[in-house]
Amino acid sequence: MFSFFSGRKTLSDAFSFLKTDIHSHLIPGIDDGSQDIENTIQYMLELNKLGYKKFITTPHVKAGIYPNTPQIIHQGLKKVQEALQSRNISISIEAAAEYLLDEDFEKILQNKEILSFGEKKYVLIEISFIAPPPNLNEIIFILKTQGYMPIMAHPERYGYWWSHLNKIAHLSDTGCLLQLNLLSLTGYYGKEVRQVAIKLLEADLINFVGTDLHHERHLASLAQLAKDSKIMKLLKQKTFLNETL
Ligand SMILES: [Fe+2]
């Protein structure tokens, strides 16, 4: 099997201090992440070599594009777990979802069909890259009232907040946890995202980090990050909730 990391001992276990990845697209064929089970297994093995012990994978739930239900997600998870077992690979994988806050999300919320993870009932949410939803604060409030702990995925990637980092701080103040993409620190999504990501980290606003892994190119960039001693040092100075899961 192809490996990005063979023969490079220094890279292995780079992210073991995090233990658990809480954001990825590893269930084959149900979103824009892994498209088949062989890829899923390969990605998990490579991430395991980087130090990850456990995965809470989060397929997209988007109205009209990826209308994934808890049933679809759990069926897919079962396939991944069975494939791991048949190959005697003991890496743990659970599933939740990455919910886009759109018109369907309000229905999902009303019908109490939300997939959360961890004892604290974390719910991973994302918003449009064009504009934030006008009712963002209200949705966060409702989620919290229902006993969930919302986590905003990759706040550093929303261009409309780059000059308004106070809005991200406000989100944190209202009780929404924040999850940074590790790839944002490599410049994978551009220079601005990288700068904002470092600022948010330095301001201690980040509660979780995630790979948001979709495909092989993401793996290659994570391996690059593992070699960036300055960024790795910054990450290790911080405490993330990943290790509690
Ligand atoms: Fe994602």
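**Close-up views of a predicted model**

**View 1. His 214 sits in the loop that links β9 (208-210) to α7 (216-226).** Helices here (H or I, at least four residues) and strands (E, at least two) are DSSP runs, numbered from the N terminus. This is a predicted model, where local features need pLDDT of at least 70, side-chain atom pairs count only at pLDDT 80 or more, and totals for chains, interfaces and linings use all residues. Residues are numbered from 1 along each chain as its sequence is written, and side-chain values use heavy atoms, with hydrogens and water left out. Is His 214 buried or exposed? His 214 counts as buried because its relative accessibility is 11%; buried means under 20% relative accessible area, exposed over 50%, and partly exposed in between (1.4 Å probe, protein chains only). Setting aside residues up to four places away in sequence, His 214 touches His 25, Asp 32, Gly 33, Ser 34, Tyr 43 and His 60, where contact means heavy atoms within 4.5 Å. With His 60, the side chain of His 214 makes a side-chain polar contact (3.5 Å). A polar contact is a pair of N or O atoms within 3.5 Å; within protein, one must be able to donate a hydrogen and the other to accept it, and residues adjacent in sequence count only if both atoms are side-chain atoms.

**View 2. Helix α7 has its own set of buried residues.** Look for His 218, Leu 219, Ser 221, Leu 222, Ala 223, Leu 225 and Ala 226. What covers these buried residues of α7 includes α1 (37-49) and α8.

**View 3. Helices α1 and α2 (residues 70-86) pack together at an angle of about 65°.** Their axes are 10 Å apart; axes are lines fitted to C-alpha atoms, for helices over the stretch in contact, and angles run from 0 to 180 degrees between N-to-C directions. That angle is why α1 is called roughly perpendicular to α2. From α1, the contact uses Ile 37, Thr 40, Ile 41 and Met 44, and from α2 it uses Lys 79, Val 80, Ala 83 and Leu 84.

**View 4. Helices α6 (residues 191-202) and α8 (residues 229-237) meet at an angle of about 35°.** The distance between their axes is 10 Å. Arg 194, Ile 198, Leu 201 and Glu 202 of α6 make the contact with Ile 231, Leu 234 and Leu 235 of α8.

**View 5. Ala 153 belongs to strand β7 (residues 149-153).** With 0% relative accessibility, Ala 153 counts as buried. Ile 125 is 28 residues away from Ala 153 in sequence, yet the two are 5.9 Å apart in space, C-alpha to C-alpha. Leaving out neighbours within four places in sequence, Ala 153 is in contact with His 23, Glu 98, Leu 124, Ile 125, Glu 126, Tyr 158 and Gln 179.

**View 6. His 154 lies in the loop between β7 and α5 (165-173).** His 154 is buried, with a relative accessible area of 1%. Which residues does His 154 touch, not counting those up to four places away in sequence? They are His 23, Glu 98, Glu 126, Phe 129, Gln 179, Asn 181 and Asp 212. The side chains of His 154 and Tyr 158 make a polar contact (3.4 Å).

Notes. Angles under 35 degrees count as roughly parallel, over 145 as roughly antiparallel, 65 to 115 as roughly perpendicular and the rest as oblique.
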